[in-house]
Amino acid sequence: MPVTRIYARASTDKQALSPERQVARCMEYHKALGTCPPLLGLPHGDPSKQAYRDAATSGSTEFATRPAGRALILACEFKDHLIVDAYDRIGRDIPDTLNTVRLLNERGVVIHILNLLILSQLDPRDPMAETMLMQFAAFAQFERKMISIRTKRGIHSKRMEGYSTGFGRPVGYKTVPNPEYDPAKRNYAHGARNIPRLLLVPDPEDQAYFDAALARYTAGEKIAVIHRRQRSYAGAAGWSYGRLKERLADYMKRSREEEMRQERQRVFGGMR
């Protein structure tokens, strides 16, 4: 007998109530529509407790690798209905989202997406429907990348203001006590919670250590050898093996991205 299933997803563990709100909206939609099969769990159980939920799961994670997503794909049968609160709950990656929708459609599952209701009336195998699906998936993927960019910019800004973000200090800087920080006033003074305990200030020795390590690394030396040979450097106290490895990898990644950007500019920049 066909049933109606509900899927919900939260991006982080701080959004504990988000899946519950999604399930509640899906149940209201099911009740208002009145033409879908009964919700999974009736009459033997509460359907809200039997909804498929993925907690603290990024939209970039493939749907089939999520615990609830995989269980949903395996459980869906012919003429079942699936209700999702929003399109980006399925995924924020174009290939994975299209593959998931196509797989469910091939199994005869009718998909209801509350913020894009028209999708439930379309066949993804139709060229026009496929184009619409790709556009919506592109918007979801674009939004995910913009969220990542804004988050990284915010973290960098906070780090430069002296706040601890859990990612360590940037290269060429060191932390010093903030003279305006008073732990005695922190608990009750207005605005005292916004005063950082430490400040970031430029550190030439730290930068010189990294520059020397980078020169050795590009020359072919291993990171462990570099870390051992530069123990006598003035700024070596602030460099552990893990920090050196992470900063070198990050620098090389950024360098490759910049080289690719310059190459694209060289090839396409002169076109008129």
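A charge sits over a ring if NZ of Lys or CZ of Arg is within 6 Å of the ring centre and within 35 degrees of the ring normal. Select Arg243 and Trp239: the charged end of Arg243 is over the Trp239 ring, 3.9 Å from its centre.

Before moving on: this is a predicted model, where local features need pLDDT of at least 70, side-chain atom pairs count only at pLDDT 80 or more, and totals for chains, interfaces and linings use all residues. Residues are numbered from 1 along each chain as its sequence is written, and side-chain values use heavy atoms, with hydrogens and water left out.

Now pick His227, in helix 6 (residues 223-229); helices are DSSP runs of H or I, at least four residues, and strands are E runs of at least two, numbered from the N terminus. Beyond neighbours within four places in sequence, His227 is in contact (heavy atoms within 4.5 Å) with Tyr209, Trp239, Ser240, Tyr241 and Leu244.

Last stop: Arg89, in the loop between strand 3 (81-84) and helix 3 (94-106). Not counting residues up to four places away in sequence, Arg89 touches several residues, including Tyr7, Gln22 and Arg66.
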